[in-house]
Amino acid sequence: MANEAVKFVWEGAIPLQIHLHKSEVASHPAPPPALVLAPRIGYLPLLVPLIKPYFKDSLPPGEDSIWFDYKGFPLKWYIPTGVLFDLLCAEPERPWNLTIHFRGYPSNILIPCEGEDSVKWNFVNSLKEAAYIINGNCKNVMNMSQSDQEDLWTSVMNGDLDAYTRLSPKLKMGTIENEFSRKTSMSSPPSRQGVPEMDVTGQVKTARIPVRLYVRSITQDFENLEDVPEIDTWDDISYLNRPVEFLREEGKCFTLRNAIESLLPEFIGDRAQTSGEEGEERTADESEDADGAPQTGEIKLVRIQGIEMKLEIPFSWVVNNLMNPEFYLHISVLVKAPQR
Amino acid sequence: MESAREVSDGRLTVEGFSVAARAFSDKWKLHNQSLPPWSWVPLINRALLVSNKEEGYLSLEKIVILSSLEEIPEEESLNVTADYSESEELIDQTILVQNVENEAHFYDFHIVYSASYGVPVLYFRGYCSSGEPLSLDVVIKDLPSCSVSLLVESKWTFITQEEHPYLNRPWFKLHPCETEEWIRLLSQSSTSAGCKMPVELYLVSWFSVVGQVVGLRIPLEMLDQPFSV
């Protein structure tokens, strides 16, 4: 049975108000915007069958190549909708105003999308990658029967957590034990091993966790989230698709901070070190200014599944409860970039 | 600690990748003088303004493939040459428009390390002289015929368009999920002493297989000689 947090993640949705781009309005009057509820774990192209009826009579003749933008910023369809929202709306905007385009696909920026098929295979390929990270191979995904694979995808598409909970154990993904409770409530799945047999030394237990980290950097400082400037280019976002090595040491809890630190040592690691050595951060900043080295940046906000995260939370809890159905944990981070 | 000098399980560490990459580009320069060298691009994270000397990828750019030579037998079907700019200037624009088939296609190849799979991954993109990117339908015509049939069979699991991990733009990607397995097989058969492959030979062996998918063959001497540094 899925626990409560997972249920919340699956039921999470973002109200969207979708406008047809004005260059594509061929009817008078222009169609009113469409209101739809977009599942957080879903993907924008999957909403097209819901949205298209609103606009189909207003479109100019031609073939569809559908994409979305937010304030002119093209949205990558292969990023889960909830992650896009967390990343691009520092101050959550509800409803979220997006623009749909049926023409003029920006193929220099976005990967082509052939509707549901593309989204499904993007999901399956991510699932394979996650399986490889967790179990060291993707056999269990490859060996899943065609119909189970299809049903698993359908469960994700329909937000059917019960069906997903029934099917996903067939993937035999290793799990990590929740660190804060020593209960071994889940007994059937094998423990997560990473690269097990090869580890001859094996003093520290490790596991590899599939993580996708999206780092949006801004140069100005801000007081409130609503003052965060709008984003103009994907170049302001860096994307790290890199497993986190989960370290399990006696008497120590591996936290979200440790996980982010391992991916972004420039932000937490150095900073922690300098402030530790210098006593206070300001001294460190000034001394770096003097010799021309960049100042360290600063993490302003970490968001997962719409939740603003405290960095001290045990990473095992975060992974077990907030990961997406393809077994990836998507983390959105807002940083103030180091000044040059 | 496992030795950084040998590969026994088909995977590379990020440090191993950087060693293997340098060895590969050195050998390439030595044996493949008709093509430009691979260059090492250090990873610069634009958003974070952080550069990392250890991490990066290999890049071979502006390789010209003349799609007009399609009919020539498979062995030489790809006329791969470097720097086409001189002859390009001679082509009259109007002729270019009429004979789209004869237009030169440029290809960029990047070898990027995948931390998920612990193996190198080939990314590539094609574009014409105007810089306009080539779509998959056009790229297919430039690929060797064996790749084309594989591509038709496994549309979503062989070559797909994905985001370049460092450039934030759509590139073609050769799927890496079986790499570890066949590299392990290769290293078992190619070396007599056990099943270990020197890290320096990893990318050479890997590219001898992967390069063929996109029509880039490597001279056999690159594989023969043991690396002596």
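Are Asp86(A) and Arg40(A) buried or exposed? Both residues are buried, a term denoting under 20% relative accessible area, with exposed meaning over 50% and partly exposed in between (1.4 Å probe, protein chains only). The model is predicted, so that local features require pLDDT of at least 70 and side-chain atom pairs count only at pLDDT 80 or more, whereas totals for chains, interfaces and linings use all residues. Residues are numbered from 1 along each chain as its sequence is written, chains are lettered from A and ligands numbered from 1 in the order in which they are written, and side-chain values use heavy atoms, without hydrogens and water. 

Over all chains, the structure holds 16 salt bridges, each defined as a side-chain nitrogen of Lys or Arg within 4 Å of a carboxyl oxygen of Asp or Glu. In one of them, Asp86(A) pairs with Arg40(A), the closest N and O atoms being 2.9 Å apart. This pair links distant parts of the chain, 46 residues apart: Asp86(A) lies in helix α3 (residues 81-88), and Arg40(A) in the loop between β2 (34-39) and α2. Helices (H or I, at least four residues) and strands (E, at least two) are DSSP runs, numbered from the N terminus.

A further salt bridge joins Glu150(A) to Lys120(A), with the closest N and O atoms 2.8 Å apart. Glu150(A) belongs to helix α6 (residues 146-157) and Lys120(A) to helix α4 (residues 116-135), 30 residues apart. Glu150(A) is partly exposed because its relative accessibility is 33%, while Lys120(A), at 7%, is buried. Helix α4 also contains Glu129(A), whose side chain meets that of Arg212(A) in a salt bridge (3.6 Å, N to O). Both Arg212(A) and Glu129(A) are buried.
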